[in-house]
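Please read them with the structure open.

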Amino acid sequence: MWPIQQPDLDARSVYTACISKTRPAKVKARLELLEDAVAAAADEYEKAAATGSLHALKHLKDQPDGNDPAKGDNKKLTSCYTSRMARKGSAGREIYDQLVKSARRGRCPLCGHGFADTIDHQLPKIAYPLLAVTPANLVPACLPCNKAKGEAIPALAEEQTLHPYFDDVSGQVWLAARLTPPPEPGVIFFVAPHPDWSATLTARVQKHFATYKLARLYAAQVGTELAALSDYLRGKPYRAAIDEIHDRAASYGNRNSWQAALYRALAANPWFIKSGCLNEWDD
């Protein structure tokens with residue numbers, strides 16, 4: 001997971017921009033009456049996210065006026081996102097595009113691998129309609145990650161996936177890899193909790209890793225990487241090969257990238273090179 005800067009967007013201003021062209025007039029009038037509720041919910045959300053307490057916002061799931069979700073304010077509020085922000089040409093589309101472009105290097109901050117071309121609601125808009133267009137709840141993401149979490153709602157602190165705007169675990173190395181020997185050499189990625197982490201943070205990182213299926217995603221990239229490495233190292237002395245792998249392990253700025261974890265595992269297991277396992281990855 002890559003931390004990214006929280007968007008410098010005011011929740012109230014975003015909401016009023018999204019509803020500015022709403023028709024008919026009576027629907028717009030009702031949405032205008034909900035402006036204070038939306039702004040208050042956004043404020044509560046940011047405070048909870050900053051303390052890892054999004055699971056405690058269950059009261060925000062209540063409808064503002066108690067109407068049926070399919071016919072009342074819930075539907076109007078969720079439409080603020082689907083029809084008035086995400087839809088091309090809508091009043092809030094410029095804000096949607098701004099949020100998508102906030103992803104570092106265009107990559108999904110949830111997995112660090114896919115191309116961020118959608119918006120994911122950290123708390124689902126269906127369950128939390130007041131947060132449907134709250135900027136702090138809208139995270140740029142790739143489509144697979146967006147679908148992976150779906151409409152999941154955390155009931156406990158440990159069930160929350162990491163939030164790219166509020167959670168930063170990049171300061172510690174936590175992604176690790178393990179090599180599997182012949183007859184089927186391979187690489188398994190897993191979470192190695194940092195000793196300074198609390199039990200809750202450890203559970204959240206593991207929840208994030210499992211929710212977005214990062215072990216499988218990263219393992220799928222290994223074949224191409226090891227095949228290229230095998231080609232590069234072919235014919236080189238063993239010592240030179242070991243030095244090259246150590247250099248690569250230290251070269252990645254993101255120490256929790258799958259590449260960095262892979263090369264740390266290779267550096268710690270020289271038998272993988274000495275036994276010729278790399279040749280198994282040749283085309």
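**Notes on the predicted model**

1. In helix α9, the residues Ala241, Ile242, Glu244, Ile245, Arg248 and Ala249 are buried, where buried means under 20% relative accessible area, exposed over 50% and partly exposed in between (1.4 Å probe, protein chains only). They sit on the same side of α9 because they cover an arc of only 160° around the axis, the arc being that of the directions from the helix axis to the C-beta atoms. An α-helix has 3.6 residues a turn, so residues three or four places apart point the same way. On the other side of α9, Asp247, Ala250 and Ser251 are exposed. The buried residues of α9 pack against α8 (214–233), α10 (258–268) and α11 (271–274); contact means heavy atoms within 4.5 Å.

2. A word on the basis of these notes. This is a predicted model, in which local features need pLDDT of at least 70 and side-chain atom pairs count only at pLDDT 80 or more, while totals for chains, interfaces and linings use all residues. Residues are numbered from 1 along each chain as its sequence is written, and side-chain values use heavy atoms, with hydrogens and water left out.

3. The protein has 11 helices and 4 strands; these are DSSP runs numbered from the N terminus, helices being H or I of at least four residues and strands E of at least two. Its C-alpha atoms fill a box of roughly 75 × 40 × 30 Å along the principal axes. Of its 283 residues, 48% count as buried. Among contacts between residues at least 6 apart in sequence, 68% join residues at least 24 apart.

4. The accessible surface of the protein is about 13,600 Å², and 52% of that belongs to carbon and sulfur atoms. Areas come from the Shrake-Rupley method with a 1.4 Å probe. There are 35 positive and 31 negative side chains, and the centres of the two sets lie 5 Å apart. Lys and Arg count as positive and Asp and Glu as negative, with His and the chain ends not counted.

5. Helix α9 (residues 238–251) has 14 residues and spans 20 Å from its first C-alpha to its last, close to the 20 Å expected at 1.5 Å a residue. The expected span is 1.5 Å times one less than the number of residues in the helix. Helix α3 (residues 35–50) has 16 residues and reaches 23 Å, close to the expected 22 Å.

6. Which residues of α3 are buried? They are Glu35, Val38, Ala39, Ala41, Ala42, Tyr45, Ala48 and Ala49. The buried residues of α3 pack against α1, α2 and α4 (73–82). Just after α3, Gly52 takes a positive phi of about 65°.

7. Some backbone geometry deserves a look. Most residues other than glycine have a negative phi, and most peptide bonds are trans. Arg23 and Pro24 are joined by a cis peptide bond, with omega about 5°; Pro24 lies in the loop between α1 (11–19) and α2 (25–33). Arg105 is not a glycine, yet has a positive phi of about 55°. Arg105 is in the loop between α5 (93–101) and β1 (118–121) and counts as exposed at 72% relative accessibility. Lys213 also has a positive phi of about 55° without being a glycine. Lys213 is in the loop between α7 (199–211) and α8, and is partly exposed at 40%.

8. His208, in helix α7, is buried, with a relative accessible area of 1%. Which residues does His208 touch, not counting those up to four places away in sequence? They are Met1, Leu110, Thr161, Leu162 and Leu214. Met1 is 207 residues away along the chain, and the C-alpha atoms of Met1 and His208 are separated by 8.4 Å.

9. Helix α6 (residues 143–149) holds Leu143 and Lys149. Leu143 is partly exposed at 41% relative accessible area, whereas Lys149 is buried at 7%. Leaving aside residues up to four places away in sequence, Leu143 touches Asp117 and Thr118. With its neighbours within four places likewise left aside, Lys149 is in contact with Asp120, His121, Gln122, Thr161, Thr211 and Tyr212. Lys149 and Asp120 are 29 residues apart in sequence and 8.9 Å apart, C-alpha to C-alpha.

Definitions and conventions:
Charge placed at Lys NZ, Arg CZ, Asp CG, Glu CD.
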